[in-house]
Amino acid sequence: MGTFPRHRLAAVALAAAGALLVSSGCSSDDAGDGKITLTVDVFGQFGYEQLYQEYMDANPGVKIVERGTGGNLDEYSPKLTQWLAAGKGAGDVVAIEEGLMVEYKANPDNFVNLLDHGAAELKGNFLEWKWNQGLTADGQKLIGLGTDVGGMAMCYRTDLFAKAGLPTDREEVSKLWPTWEGYIAVGEKFKAANTGASFLDAATNTFNTIVLQTAGNAQGYHYYDTGDNLVVESNPAVKQAWDITMNIINAGLSGKYGSWSEEWVSAFKQSKFATIACPAWMTGVIEGNAGPEAKGKWDIARVPGDGGNWGGSHLAVPRQSKHQEEAIKLVKFLTSAQGHIGAFKAKGPLPSSPQALDDPAITDATNAYFSEAPVGKIFGAGAKTLKPVYMGPKNQAVRTEVENAVRTVELGQRNPDQGWQDAIANAKKAAAK
């Protein structure tokens with residue numbers, strides 16, 4: 001799913017889910033009924049529940065158990081790293097978020113080389129760059145098969161827009177903000193209407209959207225260049241995204257909710273903000289957090305600026321799995337066109353399979369929760385031309401520090417210049433660890 005606590009379950013479940021990860025740190029304990037148990041480790045909502053059942057129905061000797069930390073990649077990744085280092089504890093199948101792939105590829109022997117198990121013939125089933133993300137630098141090992149890509153849009157509350165006297169039709173709303181400056185202007189009108197809600201949820205989510213969009217449309221990298229040099233300070237794409245985000249904060253448009261926090265989840269339920277940066281997987285998060293009572297009150301418009309891609313993961317098989325062949329078979333099923341379509345229908349993550357993207361199940365898809373928005377067309381139309389952003393070796397740690405700096409400005413603890421200097425200094429420290 002996405003970069004950081006991406007496409008994720010309600011944050012209120014994090015504590016319990018985190019405890020589950022700690023207490024059940026063992027791989028594939030068999031069910032005791034003659035069935036092989038395959039444990040799948042994920043973070044958030046991959047939309048696999050129905051697919052698991054289909055697979056178990058077709059393979060009655062297999063039982064699938066999914067573990068996860070809900071929404072928090074920062075909890076999931078250290079635990080997975082610990083299990084890999086210890087040689088035990090990881091699931092038979094593990095999700096690897098795109099921002100961490102380079103880090104895990106540095107130790108490819110922790111994973112089964114899928115090229116040794118017929119995966120090469122599947123290359124055409126994935127967007128080329130998505131396939132390449134799973135390959136080691138020398139192209140000799142494939143540690144993961146792709147799940148989703150991000151796509152980008154802007155989700156908004158039609159009822160709050162109406163209350164503010166703004167258009168509610170998605171086409172009209174899209175015309176309001178061809179640029180991020182336009183988005184800010186709409187936000188200022190919304191703020192002046194005193195609806196009781198903020199214009200957007202969190203500056204960090206918006207910043208991440210802008211920096212990925214800006215970098216994708218420029219050099220193709222943000223925090224690290226393709227030579228794995230840290231370039232937070234020198235990359236104009238990062239500073240441009242920072243400056244736009246500071247303008248959003250200075251205009252008083254953010255609800256200042258900590259992304260993925262209980263406060264953030266409650267803000268969905270209480271209709272406390274009107275817009276949220278919305279990669280395809282976020283639709284599942286919104287529905288899960290806002291609840292059934294908000295059905296039909298959300299819609300989806302184009303994202304300000306030019307496209308963008310936030311999110312995406314791979315599925316890998318740790319070498320420590322006791323059931324590697326069965327796990328590989330499951331990975332191939334979940335990342336097949338059928339698997340991509342099933343996940344999209346369940347929770348909204350956008351396929352990285354060209355075959356799935358061309359399927360009427362995707363192209364003609366609408367979402368009743370989002371006012372029957374044509375999600376297949378909104379997210380799928382540009383999927384094949386998405387511009388990926390390179391993620392360096394300490395991408396997640398660096399990203400966390402930069403977004404922490406955004407957060408300090410959002411909360412009024414630092415001014416924009418101080419925050420920027422903090423972002424640079426703390427990113428360097430994170431990269432050096």
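In the predicted model, the interface between domain 1 and domain 2 buries about 1700 Å². Carbon and sulfur atoms give 58% of that area. On the side of domain 1, the residues that lose the most area to domain 2 are Glu-98, Val-102 and Trp-129. Together these three residues account for 27% of what the domain 1 side buries.

The two parts that form this interface are each assigned as two stretches of the chain. Domain 1 comprises 27–149 and 312–363, and domain 2 comprises 152–310 and 380–432. The contact between them involves 19 residues from domain 1 and 19 residues from domain 2. The centres of the two domains, taken over C-alpha atoms, lie 28 Å apart.

Between domain 1 and domain 2 the count is 1 salt bridge. A salt bridge is found where the side chains of Lys-384 and Asp-358 meet, with an N to O distance of 2.7 Å.

At least two residues each are supplied by the helices α3 (73–86), α4 (101–105) and α15 (354–357), and by the strand β4 (145–149). Classified by residue type, this side of domain 1 consists of 10 nonpolar, 3 polar and 6 charged residues.

For the protein as a whole, 19 helices and 10 strands are assigned. The C-alpha trace spans about 65 × 45 × 40 Å along its principal axes. The radius of gyration of the protein is 21 Å, which agrees with the value near 22 Å that a compact globule of 433 residues would have.

Conventions: Residues are numbered from 1 along each chain as its sequence is written. This is a predicted model: local features need pLDDT of at least 70, side-chain atom pairs count only at pLDDT 80 or more; totals for chains, interfaces and linings use all residues. Side-chain values use heavy atoms; hydrogens and water are left out. Domain bounds come from an automatic or database domain assignment. Contact means heavy atoms within 4.5 Å. Buried area is the accessible area (1.4 Å probe) that two parts lose on being put together, summed over both. A salt bridge is a side-chain nitrogen of Lys or Arg within 4 Å of a carboxyl oxygen of Asp or Glu. Helices (H or I, at least four residues) and strands (E, at least two) are DSSP runs, numbered from the N terminus. Ala, Val, Leu, Ile, Met, Phe, Trp, Tyr, Cys and Pro count as nonpolar, Asp, Glu, Lys and Arg as charged, and the others, Gly among them, as polar. The radius of gyration is taken over C-alpha atoms; the globule rule is 2.2 Å times the number of residues to the power 0.38.
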